[in-house]
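Here are a few friendly notes to read alongside the model. I start with the whole chain and then turn to one residue.

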Amino acid sequence: MRIWSNSFTNGAAIPAACAFAVGDPATHVRLSSNRNPHIAWDDVPTGTESLVLFCHDPDVPRDARRVNLDGCTVPLTAPRTNFFHWTLADIPVCLTALAEGRFSHRVTPHGKTGPLVPFTVKNGTEHQLRHGINDYTDLFAGAPGMAGEFYGYDGPCPPWNDERVHHYVFTLYALDMPRLPLAGRFTGLEARMAIHGHILDEACIFGTYALNPHAVADLPK
């Protein structure tokens with residue numbers, strides 16, 4: 001199975017239009033267009049009944065006490081953990097691409113709605129895809145202006161004082177079941193656990209992003 005994006009080159013920087021935030025000299029960061037990137041695939045194996053797409057960042061600091069604080073940085077050696085930015089499940093086999101901006105085109109305070117995502121394919125057939133909540137749900141839980149359930153895609157917003165360039169991994173799984181065996185609200189981690197034992201094939205690409213000006217200089221072109 002192959003996967004690619006017209007929004008960014010595998011291994012290179014994700015464009016600002018597909019990020020949650022961009023750098024700002026006066027305020028460190030400001031909100032960006034937050035458009036989901038284009039994702040396409042082919043060579044899906046015979047027997048596939050549905051697909052599921054994840055985007056996660058494995059470079060998020062495990063300890064947030066130094067995150068976005070003036071006068072200090074998050075060192076390269078700081079322990080890291082996963083942060084899910086997107087989980088899209090129940091993708092029909094007849095679908096082979098997701099257009100840029102189709103599922104997200106701005107930052108939505110309190111989060112986009114979900115989990116159901118009506119989607120019409122080229123032949124006019126409507127399919128019911130589902131979004132999981134992403135990890136901004138927990139990140140913004142204590143922020144009155146943003147708190148809510150963040151379904152679907154919300155793009156990169158790494159700490160502006162992090163020395164590390166962050167990597168955003170888009171992984172597509174071909175499954176032997178037509179529907180993810182989860183009901184209602186689910187997380188990326190729960191979805192990843194639910195597909196265990198049902199994966200026929202997988203493919204991934206990754207992009208990079210940073211808000212720390214020193215890390216930005218290290219971004220692959």
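1. Of the 221 residues of the protein, 49% count as buried, meaning under 20% relative accessible area with a 1.4 Å probe and protein chains only. Please keep in mind that this is a predicted model, where local features need pLDDT of at least 70, side-chain atom pairs count only at pLDDT 80 or more, and totals for chains, interfaces and linings use all residues. Residues are numbered from 1 along each chain as its sequence is written, and side-chain values use heavy atoms, with hydrogens and water left out.

2. The secondary structure comes to 3 helices and 11 strands, taken as DSSP runs (helices H or I, at least four residues; strands E, at least two) numbered from the N terminus. Along the sequence the pattern reads β-β-β-β-β-β-β-β-β-α-β-α-β-α.

3. Now to Asn212, which sits in the loop between strand E11 (199-209) and helix H3 (213-216). Is Asn212 buried or exposed? Asn212 counts as buried because its relative accessibility is 6%.

4. What does the side chain of Asn212 reach at 3.0 Å? It reaches the backbone oxygen of Asp162. A polar atom of the Asn212 side chain also lies 3.0 Å from the backbone nitrogen of His214.

5. Leaving aside neighbours within four places in sequence, Asn212 is in contact (heavy atoms within 4.5 Å) with Pro159, Trp160, Asn161, Asp162 and Glu163. Across the protein, among contacts between residues at least 6 apart in sequence, 74% join residues at least 24 apart.

How values were computed:
Buried means under 20% relative accessible area, exposed over 50%, partly exposed in between (1.4 Å probe, protein chains only). A polar contact is a pair of N or O atoms within 3.5 Å; within protein, one must be able to donate a hydrogen and the other to accept it, and residues adjacent in sequence count only if both atoms are side-chain atoms.
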